[in-house]
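Here's a quick briefing to read alongside the picture. Keep the model open and find each part as we get to it.

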Amino acid sequence: MFHLRNLFQQHRDVSLKLARHVFFSNFEGHQSVAKVLRGSTWKQTDAFLTLANRVVPTAVHKGESNMIFSPLLMQVVLGLMTAGSAGPSRDELLSFLKSNSTDEINYLSSQLVDYVLLDGTPNGGPRLSAANSVWVDQRASLKPSFTQIVDNVYKATSLSVDFASKPLEVVNQVNQWAEKETAGLVNEILPVDAVDHLTRLVFANSLYFKGVWSEKFNASMTKNSFKVLRLPYTRGLDRRHFSMYFFLPDANDGLPGLVERVTSDSEFLERHLPYAKVGVREFRIPKFKISFGFEASEVLKGLVVVSPFSGHALTEMVETICNKGLFVDSIFHKSVIEVDEEGTKAATAMPKVSFRRESRFHC
């Protein structure tokens, strides 16, 4: 347990218990970019809170006491899937992402990559490291239009590999990539049997964040059966603002109800983020490290994103004789966060969005 002190006074301490908080991050940066991103990012946040509402019961059923995942990386992955799809698959993805077109998704993704995910350490801000990579089977090639999106929008590196005869080598390569890009926080995410001779493409992305606490805190002492605390990270000359938000239910058993309110009301977070300073004399936060992973395909199917996971789904990605059989096999997501008295280290990796062809097609 560590505690942080503020200059503001309050009559009693506020203790933040690990088992009773949910945290989110916010972005404010260059005004023109922030204005464009704000509306789109809130729509994306709403979409992925809906996904979280499906994941939480499953995690609880499996005995998980804590959960963490990255809506930002899910947005990147589903954005790439949208760019590579057409027909019902594209329509279902756009509907889930609450977007009007693939161009809108591509623009949002490019702004996230170019502005939000830039490293802040040169300006005295948080360390940010984001990376995207595509492993393509040597028997296939990306379509020129899709290659342009991969290169220019997602700034992803492309590598040619042999899924058929060297599957274990590819698995090791992806896991080593994830470990390197997340500074060792995520060191194994791809199972040994994750790829085989039917795999045509694997898309991986990662995000590493390390921020030091600022000394200025904001809190919202509401009468809504919960409290909200905002802990900003030191920003130096960085024009962006990164913060961690703690949502603290008043009741010891109040977390499930609060999560339900957050995930069922699209404007809940925006309405309750604190902007005014409230007196806090001393509060305590436990040191903690949380790791959580899940496979997202079944959850997405439950949210009516079905077509991308069936044959004939993704026709705009790869040029092969049997291109009609390309579909998404699975989506793995793993996140790790570590909080101590200095700040936060967090890493997320989605090293397997595996695209396969149906076995009845032969190349």
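Two residues are in contact when they have heavy atoms within 4.5 Å of each other. Going by that rule, 75% of the protein's contacts with a separation of 6 or more are between residues 24 or more positions apart. You're looking at a predicted model, where local features need pLDDT of at least 70, side-chain atom pairs count only at pLDDT 80 or more, and totals for chains, interfaces and linings use all residues. Residues are numbered from 1 along each chain as its sequence is written, and side-chain values use heavy atoms, with hydrogens and water left out.

**The overall picture**

- The protein has nine helices and 15 strands. Both are DSSP runs numbered from the N terminus: helices are H or I with at least four residues, and strands are E with at least two.
- Of the 363 residues in the protein, 54% are buried. Buried means under 20% relative accessible area, exposed means over 50%, and partly exposed is in between (1.4 Å probe, protein chains only).

**Helix H2 and its two partners**

- Two packed helices are described by the angle between their axes and the distance between the axes. The axes are lines fitted to C-alpha atoms, for helices over the stretch in contact, and angles run from 0 to 180 degrees between N-to-C directions.
- Start with helix H2 (residues 71-83) and helix H4 (residues 102-116), whose axes come within 10 Å and cross at roughly 140 degrees.
- H2 and H4 are therefore oblique to each other. The cut-offs are under 35 degrees for roughly parallel, over 145 for roughly antiparallel, 65 to 115 for roughly perpendicular, and oblique for the rest.
- The H2 and H4 crossing is left-handed, a label used if the near helix is turned anticlockwise from the far one by less than a right angle (clockwise would be right-handed).
- On the H2 side, Leu 72, Gln 75, Gly 79, Thr 82 and Ala 83 meet H4 residues Thr 102, Ile 105, Asn 106, Leu 108, Ser 109 and Leu 112.
- Sorted by class, this contact of H2 with H4 has five nonpolar, six polar and no charged residues. Here Ala, Val, Leu, Ile, Met, Phe, Trp, Tyr, Cys and Pro count as nonpolar, Asp, Glu, Lys and Arg as charged, and the others, Gly among them, as polar.
- What about H2 and H3? Their axes are 9 Å apart and they pack at an angle of about 150 degrees, which makes H2 roughly antiparallel to H3.
- The crossing of H2 and H3 is left-handed. Leu 78, Met 81 and Thr 82 from H2 meet Arg 90, Leu 93, Leu 94 and Phe 96 from H3.
- That contact of H2 with H3 has five nonpolar, one polar and one charged residues.
- Within helix H3 (residues 87-96), the buried residues include Leu 93, Leu 94 and Phe 96.

**Strand S4 and its neighbours**

- Is strand S4 (residues 127-137) mostly covered or mostly open? Covered: eight of its 11 residues are buried.
- S4 pairs with strand S7 (residues 199-212) in the antiparallel sense, over 10 bridges. Strands count as paired if DSSP finds at least two bridges between them.
- Look for Val 136, whose bridge partner in S7 is Leu 201.
- S4 also runs parallel to strand S6 (residues 157-161), with five bridges joining them. Ser 133 has Thr 157 in S6 as its bridge partner.

**Positive phi angles**

- Most residues other than glycine have a negative phi, and most peptide bonds are trans.
- Lys 98, which follows H3, has a positive phi near 55 degrees.
- Lys 155 has a positive phi too, near 50 degrees. Lys 155 lies in the loop between helix H5 (144-152) and S6 and is partly exposed, at 44% relative accessible area.
- Val 304, in the loop between H9 and strand S13 (318-319), has a positive phi of about 70 degrees. With 59% relative accessible area, Val 304 is exposed.

- Gly 302 sits in helix H9 (residues 297-302) and is partly exposed at 38% relative accessibility. Gly 302 is 248 residues from Arg 54 in sequence, but their C-alpha atoms are 8.4 Å apart.
- Ser 214 is in the loop between S7 and strand S8 (218-221). Its C-alpha is 4.9 Å from that of Tyr 233, 19 residues apart along the chain.
- Leaving aside neighbours within four places in sequence, Ser 214 is in contact with Pro 232, Tyr 233 and Thr 234.
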